[in-house]
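I opened my notebook to work through one structure, piece by piece. Here is what I looked up.

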Amino acid sequence: HIEWLGEQACVLHGQALPHAAALIDAFDAVAAQAPFRHLVTPGGATMSVAMTNCGPLGWVSDRRGYRYSPEDPASGLPWPPMPAVFRRLAQQAAKEAGFGIFEPDACLVNRYTPGTRLSLHQDRDEQDYKHPIVSVSLGMPATFLFGGLTRAERPRRILLEHGDVVVWGGVDRLRFHGIAPLKDHPHPRLGSVRLNLTFRRAGA
Ligand code: MD3
Ligand code: FE
């Protein structure tokens, strides 16, 4: 079922469940080519979330700033291709949420283990905010923090479970959001891990 969080933000509960095994298998090939790493923020802090990417562009952070890059800085090679099962699910979800044709050119993969958190932020590194973002949760459950357009607004807490898909865009595109520190509720297939795939149109 669809849970609307805002005018143009919703959770498609369980939408990815029929594809979970295929998503995880496809993901294993991505992680083999572009292993998870803990990026450093421009301020010098190491992120507790481990990240990798697939598709034409990947999100990276270092002392110089945040940006999208066509190459994996760890290897100098292009990011692995975006698996077809990833792209199809993201496109289907964007359509169901009312955003029409979505052509993602970046898929950022976040890996959480118990205690990992993602502090409140906005996604502002993409060229054009008119495109929606789609996120797919796999593995352990997490408490998603859904804030407002200012940091001051107290975020709502929303449980995201294995197979849930979130889509947001339009007037909700620049909402502050984050993930509360993960608790250890091991998942039968992934163990003490949560994976989040976020699909973006980062370039022109
Ligand atoms: C933003 N990832 O990679 S995605 C990120 O679960 C990121 O790993 C989180 O934030 C994660 O930048 C959250 C889910 C999400 C859902 C709804 C939103 C992000 C949102 C609504 C507005 C803005
Ligand atoms: Fe984000």
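Which residue in β11 does cysteine 10 stand opposite? I found valine 167 there.

This is a predicted model, where local features need pLDDT of at least 70 and side-chain atom pairs count only at pLDDT 80 or more, while totals for chains, interfaces and linings use all residues. Residues are numbered from 1 along each chain as its sequence is written, and chains are lettered from A and ligands numbered from 1 in the order in which they are written.

Next I checked the pairing of β2 (9-12). Strands are DSSP runs of E with at least two residues, helices are runs of H or I with at least four, and both are numbered from the N terminus. Two strands pair if DSSP finds at least two bridges between them. β2 and β11 pair antiparallel over four bridges. On β1 (residues 2-6), I also counted four bridges to β2, again antiparallel. Those two strands make a hairpin with two residues between them, and glutamate 3 sits opposite valine 11.

Then I looked at which way β2 points its residues: Ala9 and Val11 go one way, Cys10 and Leu12 the other, and all are buried. Buried means 20 or more other C-beta atoms within 10 Å of a residue's own, exposed means 12 or fewer, and partly exposed is in between, with C-beta atoms placed from the backbone.

Last, I turned to helix α2 (residues 84-96), which has 13 residues. Its buried residues are Phe86, Leu89, Ala90, Ala93 and Ala94.

Terms used
Expected span 1.5 Å × (residues − 1). Contact = placed C-beta atoms within 7 Å.
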